[in-house]
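User: Could you walk me through how this model is packed, with the cut-offs spelled out as we go?

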Amino acid sequence: MISIGGVIGASLFVGSSASIATAGPGVFLSYLLGGLIILCVTRMLGEMTVEAPRAGSFVAHIRRGLGTRAAFLGGWTYWVMWATILGIETIAGASFLAPFVPLPFLAIECAVLGAMTAINLFSVRGYGEFEYWFSMTKILTIVLFMALGVAVLAGVGHRHVDMAANLMAGGGLFPHGGFAVMASIPAIMLSMSGTEITTIAATESSHPADSVRRAARSVVIKILVFYLGSIGLILCLMPWNRIVPGHSPFLAALEHVGLPYAPMLMTAVMLVATLSALNSGLYITSRILRELAEAGDAPRCFGARGGNGTPRVAILAGSAVAAIVALAGMAAPGSVFAFLVSATGTFVLFDYVLVALAQIRLRREAVARDARPALPMWCFPFLSYATLAVLVMSLLTMLVASPGTRREIVLGALTLGLIVLAERATLGLRDSGHDGRGANAALQGDTLGAPP
């Protein structure tokens with residue numbers, strides 16, 4: 001449930017509006033191509049995790065394949081990205097509740113973030129239980145939306161929908177050309193990211209290899225049914241050029257077909273999606289930070305665990321940074337907050353590049369030993385290299401797609417440079433290791449740019 005529902009959030013319910021406005025009906029092809037790349041990355045993660053189920057998160061597999069320097073960069077970029085997302089989701093959750101809760105906005109933010117922090121501090125079971133029901137709510141919402149959409153298209157009810165006219169409105173299937181379809185892929189891949197959560201959660205499950213194997217297969221359902229199905233129905237139900245960026249296309253489609261109480265229903269669902277992102281984000285940031293601390297890439301205090309096994313210091317650290325980001329969003333939304341969002345927007349693609357490189361290297365080492373993985377990446381090495389090439393092309397596309405994406409690339413590169421400087425500054429700590437692990441990893445290879 002976490003693997004399927006964990007990546008269905010505001011990026012689908014609201015963020016998809018920007019992609020539709022950019023590419024028009026051709027955005028369906030963008031989602032298909034982006035989904036295939038995410039599917040390949042998930043399969044790569046599945047292969048590495050099944051082979052070493054107790055190694056740790058995807059950062060541990062980057063460490064196994066590329067060495068400590070790559071793991072340092074991958075882990076910290078991922079942590080910074082999710083810590084920023086936590087602040088964004090805190091603001092979003094408070095925004096959904098503000099019309100109904102007679103409290104100052106800051107107090108609502110503190111209550112939302114405090115509640116999710118308490119859940120994660122309580123136990124890993126608490127995180128799992130809440131995330132299960134959050135995911136179930138989101139999945140049921142999409143299933144009901146799709147059932148309603150199919151019924152309307154089939155002629156049930158009194159409202160007639162001209163599907164062909166909706167698809168061809170405003171310039172046809174590709175109103176802004178093929179480049180707009182390609183330019184939408186990076187943002188779509190960012191919205192689909194999150195399947196790597198399963199490699200983090202699996203280490204705390206009873207049977208990690210089996211859990212990851214099932215999750216890697218279920219991602220096909222997530223992409224084909226939930227993303228492509230829902231986006232396709234939205235395009236069929238209403239003219240794409242009536243969808244406003246920043247506003248939920250699901251809500252727009254429901255209002256267009258005349259569903260009563262649609263705003264209230266979608267507000268409730270988007271609140272659940274926001275709480276789910278907060279819940280998962282606190283879990284992810286704490287486990288990544290704990291893993292970095294255990295490897296000597298972060299202060300050792302973040303590796304400490306409470307009596308119930310949860311990394312309490314790491315959880316509180318993520319919560320504290322989220323509070324700072326949320327305050328920055330209130331105090332300076334046009335400067336500091338915008339910088340933080342832009343500076344971390346490309347980090348997940350960077351991490352996926354590292355995942356692809358690590359999988360290629362580890363698979364080649366397995367081939368040299370005449371070993372075959374239990375969950376192999378398809379069509380190796382061709383599909384692995386193709387996935388890597390598309391990921392790099394997606395980053396390059398952002399340089400020319402628009403001034404906004406170009407700004408994200410530039411700021412992301414600057415932030416990455418700061419993390420590289422931090423890595424060099426802590427080189428002595430990392431090489432001394434924690435229980436000897438840092439030195440052993442350094443001996444295995446410490447060259448980020450070495451060919452796989």
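Predicted model: local features only at pLDDT ≥ 70, side-chain atom pairs only at ≥ 80, totals over all residues.

User: How do α6 and α15 cross, and at what angle?

Analyst: Helix α6 (residues 68–97) and helix α15 (residues 312–331) have axes that come within 7 Å and cross at roughly 55 degrees. Helices here are DSSP runs of H or I with at least four residues, numbered from the N terminus, and axes are lines fitted to C-alpha atoms over the stretch in contact, with angles running from 0 to 180 degrees between N-to-C directions. The pair is therefore oblique, given that angles under 35 degrees count as roughly parallel, over 145 as roughly antiparallel, 65 to 115 as roughly perpendicular and the rest as oblique.

User: And which residues of α6 and α15 meet?

Analyst: On the α6 side they are Trp-79, Ala-83, Thr-84, Leu-86, Gly-87, Ile-88, Thr-90 and Ile-91, and these meet Gly-318, Val-321, Ala-322, Val-325, Ala-326 and Gly-329 in α15, where contact means heavy atoms within 4.5 Å. By class, the contact of α6 with α15 divides into nine nonpolar, five polar and no charged residues; Ala, Val, Leu, Ile, Met, Phe, Trp, Tyr, Cys and Pro count as nonpolar, Asp, Glu, Lys and Arg as charged, and the others, Gly among them, as polar.

User: What about α5 and α6, what is the angle there?

Analyst: The axes of helix α5 (residues 58–66) and α6 come within 7 Å and cross at roughly 160 degrees, which makes α5 roughly antiparallel to α6. The contact is formed by Phe-58, Val-59, Ile-62, Arg-63 and Leu-66 of α5 together with Thr-68, Ala-70, Ala-71, Gly-75 and Tyr-78 of α6. Its classes are seven nonpolar, two polar and one charged.

User: Is the α8 and α14 crossing left-handed or right-handed?

Analyst: α8 passes α14 in a left-handed crossing, a term used if the near helix is turned anticlockwise from the far one by less than a right angle, with right-handed used if clockwise. Helix α14 (residues 262–294) packs against α8 at an angle of about 145 degrees, with the axes 9 Å apart. Among the residues making the contact are Phe-130, Glu-131, Phe-134 and Thr-141 of α8, and Val-269, Asn-279, Tyr-283 and Arg-287 of α14. The contact of α8 with α14 has nine nonpolar, five polar and three charged residues.

User: Thr-141 is in that list, so is it buried or exposed?

Analyst: Thr-141, which lies in helix α8 (residues 124–153), counts as buried because its relative accessibility is 16%; buried means under 20% relative accessible area, exposed over 50%, and partly exposed in between, with a 1.4 Å probe and protein chains only. Leaving aside neighbours within four places in sequence, Thr-141 is in contact with Phe-13 and Val-269.

User: Changing topic, which residues touch the most other members in the largest nonpolar core?

Analyst: Phe-13, Phe-145 and Ile-288 do, in a core of 98 residues, where a nonpolar core is a set of buried Ala, Val, Leu, Ile, Met, Phe, Trp, Tyr and Cys residues joined through side-chain atoms within 4.5 Å. Helix α17 (residues 347–368) contributes the largest share of this core, 13 residues. A second, separate core of 14 residues includes Val-112, Ile-119, Leu-275 and Leu-282.

User: What does Phe-145 contact, neighbours within four places in sequence aside?

Analyst: Phe-145 is in contact with Ser-230, Leu-233, Ile-234, Leu-237, Phe-250, Ala-253 and Leu-254, those neighbours set aside.

Methods. Residues numbered from 1 in each chain as written. Heavy atoms only, no water. Helix = DSSP H or I, 4+ residues; strand = E, 2+ residues; numbered from the N terminus.
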